[in-house]
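I wanted a first look through this structure, entry by entry, with each thing I looked up written down as I went. These are my notes.

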Amino acid sequence: MNILLIGFMGSGKSTIGRKLAKLLEYSFVDTDSVIEEDQGCSVAEIFKYGGEECFRKMETRLLQKLKNVENSVIATGGGIVLREQNQRLLQEIGKRVYLKVPQEELQKRLKNDRNRPLLKKKDPETVVQKMMKERVLLYKQAEYIVDAGQRSPQKIASEIINKLCNEDHDNNF
């Protein structure tokens, strides 16, 4: 089984994903890192020179490849859910876990982050608000929703494992 972590930028997908993979003894895949390694440049540079649509196509191609992996925790980019094709691929690959963080908390986490291409606009707070409105219903389609606000990555990873184990337990009866 694969576990896909989805959620807004700054929600902790990579940090929690590493912790979760270690606890489960699964492989860890960070889609942004794989794309950066494959392209030989940062996500910010891909956005700058190729645009967002170019990057979204790279995400789709990567998801198609990930259909063949097993026992992996996959941390996805925050906008991966925007393409309908990606939504279907995510469902095929594994169980989706939405790491839900209140918008105020996200604003704090992202306030001084200059590596996020979509936040390089003049008013990042308005951009975050608009993007959240656009994405939240897509995130909520996940099989699991976990509060990833004010808790440690260890506690969040443990909660995800508990939810997955309870589902397995429920399915056996």
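Entry one, a salt bridge. I began with R151, which forms a salt bridge with E159, the closest N and O atoms being 2.5 Å apart; by salt bridge I mean a side-chain nitrogen of Lys or Arg within 4 Å of a carboxyl oxygen of Asp or Glu. I looked up the exposure of both partners, taking buried as under 20% relative accessible area, exposed as over 50% and partly exposed as in between, with a 1.4 Å probe and protein chains only. R151 counts as partly exposed at 31%, and E159 counts as partly exposed at 22%.

A note on what I am reading: this is a predicted model, in which local features need pLDDT of at least 70 and side-chain atom pairs count only at pLDDT 80 or more, while totals for chains, interfaces and linings use all residues. Residues are numbered from 1 along each chain as its sequence is written, and side-chain values use heavy atoms, with hydrogens and water left out.

Entry two, other salt bridges. How many salt bridges does a search of the whole structure find? I noted 9. One of them joins R83 to E53, with the closest N and O atoms 3.1 Å apart. R83 lies in the loop between β3 (72-75) and α5 (84-93) and E53 in helix α4, so this pair ties together parts that are 30 residues apart in sequence. For these names I take helices (H or I, at least four residues) and strands (E, at least two) as DSSP runs, numbered from the N terminus. R83 is partly exposed at 22% relative accessible area, and E53 is partly exposed at 44%.

I then turned to R96, which forms a salt bridge with E143, again with a closest N and O distance of 3.1 Å. This pair links distant parts of the chain, since R96 is in strand β4 (residues 95-100) and E143 in the loop between α7 (124-139) and β5 (144-147), 47 residues apart. Is R96 buried or exposed? I found it buried, with a relative accessible area of 7%, whereas E143 is partly exposed at 34%.

Entry three, helix α3. I listed the buried residues of α3 (residues 43-50) as V43, I46 and F47. Why do they lie on the same side of α3? They do because they cover an arc of only 100° around the axis, the arc being that of the directions from the helix axis to the C-beta atoms. The face turned away from that buried side carries the exposed residues K48 and Y49. What covers the buried residues includes α2 (31-39) and α4 (52-66), where contact means heavy atoms within 4.5 Å. Just after α3, G51 takes a positive phi of about 90°.

The buried residues of α4 are F55, R56, M58, E59, T60, L62, L63 and L66. I also noted that E52, R56 and E59 are linked in a network of salt bridges. N86, found in helix α5, counts as buried at 0% relative accessibility. Leaving out residues up to four places away in sequence, N86 touches R56, E59, T60, L63 and I80.

V97, leaving aside neighbours within four places in sequence, is in contact with I3, L4, L5, I6, A142, Y144, V146 and I160.

Most residues other than glycine have a negative phi, and I looked for departures. E25 has a positive phi of about 60° although it is not a glycine, and E25 lies in the loop between α1 (13-24) and β2 (27-30), exposed at 75% relative accessible area. N71 likewise has a positive phi, of about 50°, without being a glycine; its place is in the loop between α4 and β3, and N71 is partly exposed at 37%.
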